[in-house]
Amino acid sequence: MNLTTAEALDALSDEAFRNAFSRWLAEHYPEAWRQPVLLRLDAEQERWWVRTLQKGGWRAPGLPRAAGGMGLSLARQLICRDVLEQHRVARVFDIGLQLLAPILLQYGTPAQQACYLPRILSGEDRWCQGYSEPGAGSDLASLRMRAERSGDRFILNGQKIWTSDAASASHIFLLVRTSTEERKQQGITFLLATLDTPGITVRPIANLSGEQDFCEVFFDDVPVPATQVVGEVGQGWQVAKTLLGVERLMTGSPSLARHAFGYLMRLIDALGIWPRMRHDERLLRAVADLQAAMAVYDAVCQRAVHGALRDADYSTIKILSSEAFQRITELTLDLAQERGALQGAWDPDDPAAFDVGRLFAIARPATVYGGAGEVQRDIIARSLIGPPARR
Amino acid sequence: MSAKLLQDSARAFLRDAHDMERLRQRAGHVHGWDQTLWRQMAEMGWIGMRLPEPLGGAGLDLAMAAELGSVLGEAMVPDPFAACAVMPSAVLEAAWACSPSDRLVDLGRQLASADAVLALAWQGGYGALDPDWSQVRITSAGAGLRLRGRRMLVEAGATHWLVPASADGCACVVLVNAPRAGVLRQRASDGSVLVTAELDEAVLSDGILLRGDAATAAVPAVLAEGRLVQAATLCGLAQRLLEVSISHARDRRQFGEALADLQVVRHRLVDMHLQVEQANALWRQALAAVDARGDGAARAGSALHAASARAADAALSVARSAAQIHGAMGYAQDSPAGMGMVLAMRMVAAVGPADSHRRRAATRTSLEALAR
């Protein structure tokens, strides 16, 4: 039996399904890449991995079968996610699948879907997300990059920033301003473009963890065909809010915090300080926060599976998970003493050693991306208290 | 009966039966405890809800008791549901499982009807999470048996004590009348009264309810059930204090605007809410762990300690924030925020010290399960 055909998978119990994916992963995932958090697959590695998943029939758990995905229930998607985490896989952004595919499914034209979905699934196209601008971060709706209609094209002028992977991507999806309306959320349009279009300049920005995945992207009279608009012109804000299934919860999952905690325990054992750490109040509080974040996340996933998500659920888990992640890496940096200031693993001959400073650095933006902690608190406050009076 | 139904009827009942005034008057009672409500709770079937049916109870599961505890916390009911309903019921149930007797049926009836009030008198020292069995000993005295040793912080309203003790090195749980002599009575923050005693009491006839392994297995499980319900109760209290704070922030205007329009106040309220969310998720998870294991709350181990620690932290931190948001009113004992604070102090003490729970929650095994 070919276990990875959709029908064969459906017939399995949850347990057997979990085992099937675990076995497949153990067989196909490169051992050297089992470095969660610290390792991020580069463009070439990611493309190889995406192709391998695709060939094995494990690509796109949440995407409907008609669109080439596995069409799994939310509960099964969560199992897939859990198996990957247990296997300690490296970070993969896979922006095309995670962020664009759900949008194309809901708002894309048949032509757009037929053109882009297969190439996302095969890893042939690599997408980046052009949302943030120098003057529009958490307050994304203040974006100003212009797209002027000119016949059957839009002409783009302006700048995007903090665009992850723009240097290695082939395509970009964008929010641009096509008109100025009373509400700033109106007059925004969602566009698709290829990054080799003349007039686009990409400039990488090195980040604290030493990666170059951030970029500035400049647009100077860049022509984009009107057929590349997704959804209605001026309705881009609604379009951009679409997320599919488990992906909506993923940024809020405590998985980074749990991996970081694994590194913390590794450090504690490598330094031989467990006997004094086991009653250390900072460690106990970090554990308590992680246990709580996991319990809340599980409760939220259960609500999602039963279709009973509450408005602020994502914000809640995002705050708890990102703050637990940071606190754990802070304690790790502290316990590592001078080791934390070294680049690379603190002892090249010790297999237990790892890059403590990088772990700490990677945790810094966790309370910023996917909506800053302060913005998430505003969202929760709205549902808890109601909107604040306008000043 | 569904949990929802139980909660709805409990809320409706408590709206009439309990209010701030009753809470205020509590301090004037000799036991710190007004028996009227306890009797009404018995009539509602709450005191015996966990008792097996042959003992005159409703045989409802722990989840229902926890849901009810949460409503009692929300309504700021100080009466000791976990200590004097849930825990003694669990003792009688364990005793019944070992050897059914008419004596147990009679005790069950008295407990469920509130004719007697039972409490597990287990604590021997401040900060303990487990009973020290050898601290109280059973000795022969003439024709009968006597119980001698120290037990502390027992609800003054209890008419009978269930005491973990040892008889020649064998663990027992023993029923005695609540001691009258040689007792220290101390009023707690919320007006309730707690009793510490150097026991020298006659063991009642058929008073050894549990013996040996059955006793050493039952008591930690009984404490765990009590703590779970207490954790749920603390969550209910914290939720109420959050709601009270939100409505105060909406009503109270300073510098020309409502407190609820100030971002710093809004974020503070959100952080209170996050504490409650975490505490709620943890006690529910601990409950699931108990159910999944199917062999008693003691086995839930790490999850239960995590839930107890967080419930204690959440209740106190929410109470502190509620007091701050209420301004000077938060320092007035008569305000809901002030009442909530004194209740939280007392109820947190009943769940056990948070740092000890945190330590128990962080066993090496549980940490390895957390790490990935």
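This is a predicted model: local features need pLDDT of at least 70, side-chain atom pairs count only at pLDDT 80 or more; totals for chains, interfaces and linings use all residues.
**Charges, chain B.** Chain B carries 37 positive and 38 negative charges, and I find their mean positions 5 Å apart.

**Charges, chain A.** I repeated the look-up for the partner entry. Here 43 positive and 46 negative charges have mean positions that lie 3 Å apart.

**Overall dimensions, chain B.** I checked the radius of gyration of chain B and got 21 Å; a compact globule of 372 residues would come out near 21 Å, so the value agrees. Along the principal axes, I read a C-alpha span of about 80 × 55 × 40 Å for chain B.

**Secondary structure.** I listed twelve helices and ten strands in chain B. In chain A I listed 14 helices and eight strands.

**Burial and surface.** In chain A, 53% of the 391 residues are buried. Its accessible surface is about 17300 Å², and carbon and sulfur atoms hold 51% of that.

**Contacts along the sequence.** I took contacts between residues at least 6 apart and asked how many join residues at least 24 apart. In chain B the share is 74%; in chain A it is 72%.

**A closer look at β4 of chain A.** I then picked one strand to walk along. Strand β4(A) covers residues 171-177, and seven of its seven residues are buried. In a regular strand, side chains alternate between the two faces of the sheet. I saw that pattern here: His171(A), Phe173(A), Leu175(A) and Arg177(A) point one way, while Ile172(A), Leu174(A) and Val176(A) point the other way. Both sets are buried, and I made a note that Arg177(A) is one of these residues.

**Neighbours of β4.** Which strands pair with β4(A)? I found β1(A), residues 127-130, in the parallel sense over four bridges. Within that pairing I marked Gly130(A) opposite Leu174(A). I also found β5(A), residues 188-194, which runs antiparallel to β4(A) and is joined to it by seven bridges. There I marked Val176(A) opposite Thr189(A).

Methods: Residues are numbered from 1 along each chain as its sequence is written. Chains are lettered from A and ligands numbered from 1 in the order in which they are written. Side-chain values use heavy atoms; hydrogens and water are left out. Helices (H or I, at least four residues) and strands (E, at least two) are DSSP runs, numbered from the N terminus. The radius of gyration is taken over C-alpha atoms; the globule rule is 2.2 Å times the number of residues to the power 0.38. Contact means heavy atoms within 4.5 Å. Lys and Arg count as positive and Asp and Glu as negative; His and the chain ends are not counted. The place of a charge is taken as NZ of Lys, CZ of Arg, CG of Asp or CD of Glu. Buried means under 20% relative accessible area, exposed over 50%, partly exposed in between (1.4 Å probe, protein chains only). Accessible areas come from the Shrake-Rupley method with a 1.4 Å probe; for residues, only the protein chains shown count as cover. Two strands pair if DSSP finds at least two bridges between them.
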